[in-house]
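The sequence and structure come first.

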Amino acid sequence: MSLIEGTGFSLPIATITERVDVNIEVTPAARSAVKSAIGEQIETHVLIISAKAGGCSGYLYDMVVVERPEEEGFQTINIDGVTILIHDNDSALLNGLKLDFKDSLMGGGFHMDNPNADRACGCGQSFG
Amino acid sequence: MIPPLADIVNIPTGITLVSGKDARTHLNRMLTVDVSSDSLLTRKESFICDLNGRITTYQLHVDLDEQILLFHNDSMSEILRKTLTRGIPWNEEIEISSGDGAVQRILIYGKQPEKILAGLGINQAQLQSGHWTEFLDTMISVIKIEDEFSIYEMIIPSRDYSEITDLLHVNGAGIGEVHSAIALLSIAGMIDYSIDVSGHIPFNLGLQRLVDLKKGCYPGQEIHARMESRDGIKKSTSTFKTNVQMRLGKSKSTNNDQLEIISSQRFGDSWINVLIHPKEISLSSEILVNTPEGEIALKSV
């Protein structure tokens, strides 16, 4: 787009984030649920837990099961044969996280208890 | 007061560029409006609010697909860029850059700016307020068309600024003044992005249209939803005329109503003021405000 072509824009602003060594706790119910989600792909796939901007309280949790990514910058946590990755950029936000799973029709699913969160939204997906 | 044809004025502004294939997704998680289905050349305004529902930044969008230009109060640049650079997910492509000075924003305002635009070969009837229209390397859109005046907005790369403004002057545009243009916007019930509205609740500024409670979560959404559903909107914003410039900030009326003036701009022989006031206050007559200089009469515009 010629409106912004040429000079005048800065280089992308660097994002400086604090990196800490991550420790998380995964309850037996959550381990079982993660294993079930990964299924037979447990040798090749990993669970990535991340935090992204947004939600009622400033950050949103995200959990995805994907083939082990080639990107660098992840910290690896092995729990009972399951590989969990947390990116360095999210390490300060997620260190100390307790991952639980509730098996109920209403309000069931994964639950996060995050000691870094000053507040959380009612649905439990957002923290700040 | 209102230019018979039109004047043009350059509005000082901060500019931030959000680029990358996930730029719109990233913004959508934080904004008070839904931009997920925006497309190339969408023109939109938005807020980013804090967790208490108060405005952090107020911006105008120029959607260039994988590049979204945001125009905002230049004193908000640092906090906006800081907000946008945090929480970028590992698997999304998003870059935040400063564009301060790279692009200029001008307003074309007066009784007949359409004549000037026609001289440039721009058909005013084809311009839409929610959309940018390309003209050479610039973008143009309509802000407001009233019976007595119209206001258009143009985004110009700095390298072309002299050429484009010369073209406008050749076609009859005069040289305007920032305070007159912003005052005219206020008269039209609009608050320009160059006015600092941080710390206010969007509803109190009468900008409910920039709060989409159906889009899903965003910072401040719970507060906005509660205010909206429990009739918690106790303030409103109106435009008043005075004979003197008003000090910005909080004051009280002679009836002891809490007031806050967020803009006071000279317009001809008088001043046009944007005032936040209790919703139930009577606006039919003038409001007398206590100031250190004595009582000042605010007259409804």
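## Strand pairing in chain B

E8(B) and E9(B) run antiparallel and are joined by 3 bridges. Within this pairing, Glu134(B) has Met139(B) in E9(B) as its bridge partner. The model is a predicted one.

These strands belong to an open sheet of 6 strands in chain B, ordered E8-E9-E10-E7-E1-E11, with mixed pairing. Its edges are E8 and strand E11 (174-175) of chain B, each of which pairs on one side only.

## Salt bridges

Over all chains, the count comes to 17 salt bridges.

| Lys21(B) | Asp22(B) | 3.3 Å |

Arg159(B) sits in the loop between strand E10 (150-157) and helix H4 (161-170) of chain B, and Asp137(B) in the loop between strand E8 (133-135) and strand E9 (138-145) of chain B, so the pair ties together parts that are 22 residues apart in sequence. Arg159(B) is partly exposed, because its relative accessibility is 47%. Asp137(B), at 26% relative accessibility, is also classed as partly exposed.

In the pair of Lys21(B) and Asp22(B), the closest N and O atoms are 3.3 Å apart. Lys21(B) is partly exposed at 47% relative accessibility, whereas Asp22(B) is buried at 12%.

Elsewhere in chain B, a network of salt bridges links Arg43(B), Arg105(B), Glu153(B) and Asp192(B).

## Strand E5 of chain A

How many of the residues of strand E5 (residues 82-87) of chain A are buried? The strand is mostly covered, with 6 of its 6 residues buried. Val82(A), Ile84(A) and Ile86(A) point one way from E5(A), while Thr83(A), Leu85(A) and His87(A) point the other way; all are buried.

E5(A) has pairings with E2(A) and E4(A). The pairing of E2(A) with E5(A) is parallel and has 2 bridges; in it, Ile48(A) stands opposite Leu85(A) of E5(A). Strand E4 (residues 74-79) of chain A runs antiparallel to E5(A), and 6 bridges join them. Ile79(A) has Val82(A) in E5(A) as its bridge partner. E4(A) and E5(A) make up a hairpin with 2 residues between them, and Asp80(A) in the turn has a positive phi of about 55°.

Asn114(A) lies in the loop between strand E7 (109-113) and strand E8 (126-127) of chain A. Is Asn114(A) buried or exposed? Its relative accessibility is 7%, so Asn114(A) counts as buried.

The side chain of Asn114(A) has polar partners on the backbone. One of its polar atoms lies 2.9 Å from the backbone oxygen of Leu93(A), and the side chain also reaches the backbone nitrogen of Asn116(A) at 2.9 Å. Leaving aside neighbours within four places in sequence, Asn114(A) is in contact with Tyr61(A), Leu93(A), Leu94(A), Asn95(A), Leu97(A) and Phe127(A).

## Contact between chain A and chain B

Which residues make up the contact, by number, from chain A and from chain B? Chain A gives 32 residues and chain B gives 41 residues. The two chains bury about 2,900 Å² between them, and 64% of this is on carbon and sulfur atoms.

The count of salt bridges between chain A and chain B is 0. Across the interface there are 5 residue pairs in polar contact, with both residues at pLDDT 80 or more. On the side of chain A that touches chain B, the elements that give two or more residues are strand E2 (45-53) and strand E3 (59-67) of chain A. E2(A) supplies the largest share of that side, 4 residues. The residues of this side of chain A divide into 16 nonpolar, 12 polar and 4 charged.

How values were computed:
Residues are numbered from 1 along each chain as its sequence is written. Chains are lettered from A and ligands numbered from 1 in the order in which they are written. This is a predicted model: local features need pLDDT of at least 70, side-chain atom pairs count only at pLDDT 80 or more; totals for chains, interfaces and linings use all residues. Side-chain values use heavy atoms; hydrogens and water are left out. A salt bridge is a side-chain nitrogen of Lys or Arg within 4 Å of a carboxyl oxygen of Asp or Glu. Buried means under 20% relative accessible area, exposed over 50%, partly exposed in between (1.4 Å probe, protein chains only). Contact means heavy atoms within 4.5 Å. Buried area is the accessible area (1.4 Å probe) that two parts lose on being put together, summed over both. A polar contact is a pair of N or O atoms within 3.5 Å; within protein, one must be able to donate a hydrogen and the other to accept it, and residues adjacent in sequence count only if both atoms are side-chain atoms. Ala, Val, Leu, Ile, Met, Phe, Trp, Tyr, Cys and Pro count as nonpolar, Asp, Glu, Lys and Arg as charged, and the others, Gly among them, as polar. Two strands pair if DSSP finds at least two bridges between them.
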